Amino acid sequence: MRIHKTAFVFLFLHIFFLNFTFAQKLSEVDRIVAKYPKSFNTTEKLADKIENDFNSDYDRARAIYTWIALNIKYDYNAYLNPPRVRGFTYSSEAEKQRKIKQMNDDLIQKAFTSKKAVCEGFTALYQHLASLVGIKCEIIRGDSKTSVRDIGRKTTSSNHAWNMVLIDKKWRLIDVTWGQGYYDSSKGRMVNDFAPIYFDTDPDYFFAKHFPDSGSFLGNRLSKEDFLNGPLIYNKTIEEDYKIKAPDSGILEVRRGDKIDFEIKNVSKSNQVFYLNKKNQAVKVQNPKEKRGGLEFQILIDNNVGDYITIFVNTSSVVSFKILPK
C-alpha cells in the first residue's frame, strides 16, 4: 500500500508541475483558445469563433497559431515517407490555377480533419485561417537549423516552410510547425510541447534557425554564411533572450589546451552554467564573471571535450558549437 501511495503522490506532483509549467507558457489568448473544441465542422466555424472572441488582428493571429499548435500534430511518418508528387495536365493558365488551388484546398482540409500534417500542411492551414479573419499572410519556404550536425553545412536546402503575417503595418514571423513540438531523437518520436516563442519571433533569433530560399527578408539580404556557420541556438535561448555575444561563429577551430571565451547576455552567476563533456558528464564553468548585463567565462578545450560543445543554463540547453582541431 505504501508503494502505491508513493507512486500516486509522485504521479500527482509530476502532473501538477507539468500543468504548472504549461500554464506559465500561456498568454490570455492562449488560455481562451486552449478551451476551444479540438475539432470544428469547418475552418469557417473556427475562424468565426476566433473573430468573435478577439478584437485585434494580433490576438486573432495568435489564436490561430495556438489552436493549430495545440491540435495539429506533426506527421513524422509522412515526413519519412513523403507521398509521390501528383502531376497534372492543363490546357490553359486558368485551368492550371484551378487545379493548383484544388490541391492546396485538399492539403488544408486533410490537415484540418486528420489533425496531422508536415510543415506544408501547417503553413497552408495557417494562411487559410488568417485569410478567413482578414489577415494578410504569406508562406515562406527555406532551410531550417535543428541539429548540431547543421553547424558548418556547406549549402542550404529547401526543407521547411513557415509564415509571415502583416499586422499593424509590420510583417511578423511565425513557425506554427515548431510551435506544436519537436522530434526527440533519444525517444524516436515527436513530443508535443507548445512553444509560444515561434509566434512573432525576433528576426535575429528566427533567422539563426531559418533561411529563406529567396535569401532575403523584406528586401534585405540575409547572410547565408552566418546561417550555415553560426552556432545552434535552442528554444530556451529565445524564451529567456539569452543573446550569444561570443564566440560569434559556431565553428571553433582550436588546439587542445586552448581556452575559449564565451559571453551570454541575461545570464548571471546565480544561474547554474555548465557543459557536457564527451562522456555526457556535466562540467561546471569556472570563475564566471558578470559583465555588461551578462556572464563571461572560459572553457578549456582538453581531451574530454568532444566534437561539439553545448552550453546549459540551469537544466536547459542554450547554444551549441562545433569543435574543429587546428
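This is a predicted model: local features need pLDDT of at least 70, side-chain atom pairs count only at pLDDT 80 or more; totals for chains, interfaces and linings use all residues.
User: Which strands form the open sheet, and in what order?

Analyst: The order is β12-β14-β18-β17, with antiparallel pairing. From one strand to the next, the twist averages 25°.

User: Why is one side of β12 and of β17 left without a neighbour in the sheet?

Analyst: Both stand at the edges, β12 at 244–246 and β17 at 286–291. Each has a single partner strand, so one side stays without a neighbour.

User: How many bridges pair β17 with β18?

Analyst: Four, in the antiparallel sense, with β18 covering residues 294–300. As an example, lysine 289 has glutamate 296 in β18 as its bridge partner.

User: How do side chains sit along a strand?

Analyst: In a regular strand they alternate between the two faces of the sheet.

User: Which way do β13 and β19 run against β20?

Analyst: β13 (residues 251–254) runs parallel to β20, joined by four bridges. Leucine 252 is the bridge partner of isoleucine 323 there. β19 (residues 308–313) runs antiparallel to β20, with six bridges. Tyrosine 308 has lysine 322 as its bridge partner in β20.

User: Now the helices. How do α4 and α7 cross?

Analyst: Look at the axes of α4 (residues 57–71) and α7 (residues 119–132): they come within 10 Å and cross at roughly 145°. The crossing is right-handed.

User: Which residues meet there?

Analyst: From α4, Ala61, Ile64, Tyr65 and Ile68. From α7, Phe122, Leu125, Tyr126, Leu129 and Ala130. The contact has nine nonpolar residues, no polar and no charged.

Note on methods: Residues are numbered from 1 along each chain as its sequence is written. Side-chain values use heavy atoms; hydrogens and water are left out. Two strands pair if DSSP finds at least two bridges between them. Helices (H or I, at least four residues) and strands (E, at least two) are DSSP runs, numbered from the N terminus. Axes are lines fitted to C-alpha atoms, for helices over the stretch in contact, and angles run from 0 to 180 degrees between N-to-C directions. A crossing is left-handed if the near helix is turned anticlockwise from the far one by less than a right angle, and right-handed if clockwise. Contact means heavy atoms within 4.5 Å. Ala, Val, Leu, Ile, Met, Phe, Trp, Tyr, Cys and Pro count as nonpolar, Asp, Glu, Lys and Arg as charged, and the others, Gly among them, as polar.
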